[in-house]
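Take a look at the structure below.

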Amino acid sequence: MNTLSNIEPGSEAERENRRAGVPMGLPGAAPARVPGRHSRKDYYEFKPYNVGRWIVWGGFALLLMVAPMLFTSSLAHTMLSQMGIAIIVCLSYNMILGQGGMLSFGHAVYSGMGAFLAIHTLNLVSKGGWPIPVSLIPVVGGISSMFFAVLLGYVTTKKAATPFAMITLGIGELVWASALMFPEFFGGEGGISGNRVTGPKPLGITFGPQLQLYYLIATYTFVCTALMFAFTRTPLGRMINAVRDNPERVEFVGYDTQKVRYIVFILSAFFAGISGGLAALNFEIVTSEVVGGPRSGAYLLFTFLGGATFFFGPIIGGVLMVLAGVLLSELTKAWLLYLGLVFLFMVMYAPGGIASLIMMNLRVASFGRLKEIWVSYLALAVTALIALIGAAAMIEMLYHLKLNAALGPELTFMGARLNAHGVDTWFGAIFVMLTGIGMFEVARRHYVRQWGEIQEYIEKEMKRRETL
Amino acid sequence: MEFFTISLLNGISYGLLLFMLCSGLTLIFSMMGVLNFAHASFYMLGAYFAYTATQLLGFFPALAVAPLLVGLIGALFEKFALRRVHKFGHVPELLITFGLSFILLEMVQLVWGTSSVDYRVPAALDGPLFTIFGTQFPMYRGFMMLVALLMLVALWLLLTRTRIGLVIQAALTHPDTVEALGHNVPRVFMLVFGGGCALAALAGVIGGNAFVTEPGMAATVGSVIFVVVVVGGMGSLAGAFVASLLIGIIQTFAVGVDASLINGLGQLGIDITPQTFGYPLWKLKISQIAPILPYLFLVLILIFRPKGLLGTREG
């Protein structure tokens, strides 16, 4: 649990204080200013506007806006739409994983049920039954997911930590198995399909073209991200952090930990349902696999890879999820193996995910010492790449032998023809991999020494600045 | 009566197999607090190892070799990966076993292919054990029950009657004291993890040929064994035994019952037609809902007895 807790809540206030010249360690306790004495400002005033925050959110909005203009192919538009959906669902998952410390194996239940209810609503709209505009259908998905979370979450959130994980797994299986039992609602093998070009068309927006739908998804992504960030700043958002870090103490203070978990679980399901509704609009078909275990596993995997300890980590995770699912799976058949290995190493060496790696290096950069280690990074990257090429060649040859035996022993790997039956190819691959590993180890040792030294310097420097 | 006896016997043998799987999981959980998400993957690995070992050595040597190999893999995983994340807490521990389950699944598909392998019951155990009500009870089912019971007794003797068992039990509650007394607690943990994986593999060896040996077999039992562990009470070996028998029997009986709510209500004089509200729910046969029964059971247990059947702690 400790890894998931060394995070930003609290530090934001500290940073603001530091900017404003307030000594550290006294968050919120601004020194009383004597009027007249401080008439000349010797620091930049961040209040009432927090410039940094405006820049970050403005940049995010701008990025969402211009992304489809930079990548204009239809594949890019499809992927961008999926990324928006994935970002919302990963962020909603992180509400319970990163902020609540609840490891769920059944989050797809909520995004999936949202998708099903959304597509059924869409079909009702098409039949002329309900006068709901298409752009609001994701909200319908969100509200229906919330309803399911009220029902199922009551059982799941009775426990925390490991039992919670097992129960969510059980509930996930329950819903998935039921999906096959009620073909009337879940559509059986074929799923439920709909047509998003329906209902009232304000300003001529039909959501027929992918680009129009992308902007709907982008709007939802921005609003949901902002809402979820705002949630981390509410008393409830802070309370769930406390429940994650020290539930016993929270109980002593007089809060019901189960209730806090329950409410946050419901809120998280709401956002998951919105993403499900968007997915239903995007694909215009919902099959029962959207509530399945593999989907939940993917949410967990990528949220963690992106970084559960920082708010923006799951955004990276969502982007990676689409990139891996669309591009990596095209590139190699063994993509799940690579993904599993990356995940394993990430858990072992960087439990804060990619976001924590970025933040650690930003810290080094802010103390002006990043330029010393970029050579080491280069060495690490190159040696890791060499080892990876060797390993990947072997994995690809194995997959080729297993799956494409009919095509003969030859395969193309990174532009080179390899003979999967040849002793020399295997020897070469092993040799390349071992060389890479050896060189990587040398580079790693050097880097670890450097890194430790820099961290020591930073600690010292921070202490020194405190005393100033 | 015939249906009852046969279903009961099948249910018990399935339940005992579930127990073999859960015992390792429970042991690891109660010792180390680690929920081994890859436990079912070790079960699958055991079945595949046994398949290969049977071709090379024969079935009975495979019965010993496959669990040992899998136990070794488990111990190595504990030593080089799990121990590293122990200091980060329980969630990363769960996550790393989750990652391992991905890798093991892919590895198995890589080595043995994506379709099922022809892992058969050995000729010596093929055939009926006895005939009851005109139905033959397969000898292999009896063998499965025998192995499971032997394992249960051996496990119980090991934990309560041997020195290492006492150290394990002590390390469960007071790891620091045990370490102070000069026992190597990390090594004990490694042994327990390896042993738990070996138990899963043993279940794989005898379950793999009774059912199907395929890459999907881990997912089939994976979630059921977690249900068993929660229903029995987290970390309670006796609870796991009761729960696995219960779930095994319930599921086996449900598969054989061809009644639905329509029949039941029809006997009470309530007629249900396709126009009645909720018709899809009423027309479901009990055999159709058999797959979800364990999970329904889990939900009910959590509502009415959150610590599980024989559990002692509220999680």
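**From a hairpin to the core**

E1(B) and E2(B) form a hairpin, with 2 residues between them. In the turn, B:Phe133 has a positive phi of about 50°. Strands (E, at least two residues) and helices (H or I, at least four) are DSSP runs, numbered from the N terminus. E1 covers residues 128-132 of chain B, and E2 covers residues 135-138. The two strands run antiparallel and are joined by 4 bridges. Strands count as paired if DSSP finds at least two bridges between them. B:Phe130 stands opposite B:Phe137 in E2(B).

A word on the source. This is a predicted model, in which local features need pLDDT of at least 70, side-chain atom pairs count only at pLDDT 80 or more, and totals for chains, interfaces and linings use all residues. Residues are numbered from 1 along each chain as its sequence is written, while chains are lettered from A and ligands numbered from 1 in the order in which they are written.

How confident is the predictor? pLDDT is its confidence in each residue, from 0 to 100. Chain B averages 83, and 93% of the residues score at least 70. The model scores ipTM 0.83 and pTM 0.83.

Now turn to chain A. It is divided into domain 1 (51-351) and domain 2 (367-467); such bounds come from an automatic or database domain assignment. The C-alpha centres of these two domains of chain A lie 33 Å apart. Their contact takes 4 residues from domain 1 and 4 residues from domain 2. Residues are in contact if their C-beta atoms, placed from the backbone, lie within 7 Å.

Next, see where the chains meet. Here 40 residues of chain A are in contact with 39 residues of chain B. Which helix gives the largest share of chain A's side? H6(A) does, with 14 residues.

The largest nonpolar core has 205 residues. Such a core is a set of buried Ala, Val, Leu, Ile, Met, Phe, Trp, Tyr and Cys residues joined through C-beta atoms within 7 Å. Buried means that 20 or more other C-beta atoms lie within 10 Å of a residue's own. Domain 1 and domain 2 of chain A both give residues to this core, so it lies between them. Among the residues with the most contacts inside the core are B:Leu18, B:Tyr43 and B:Val229. Leaving aside neighbours within four places in sequence, B:Val229 is in contact with residues including A:Met166, B:Cys22 and B:Phe29.

Definitions and conventions: Buried ≥ 20, exposed ≤ 12 C-beta atoms within 10 Å, placed from the backbone. Contact = placed C-beta atoms within 7 Å. pLDDT = per-residue confidence, 0-100.
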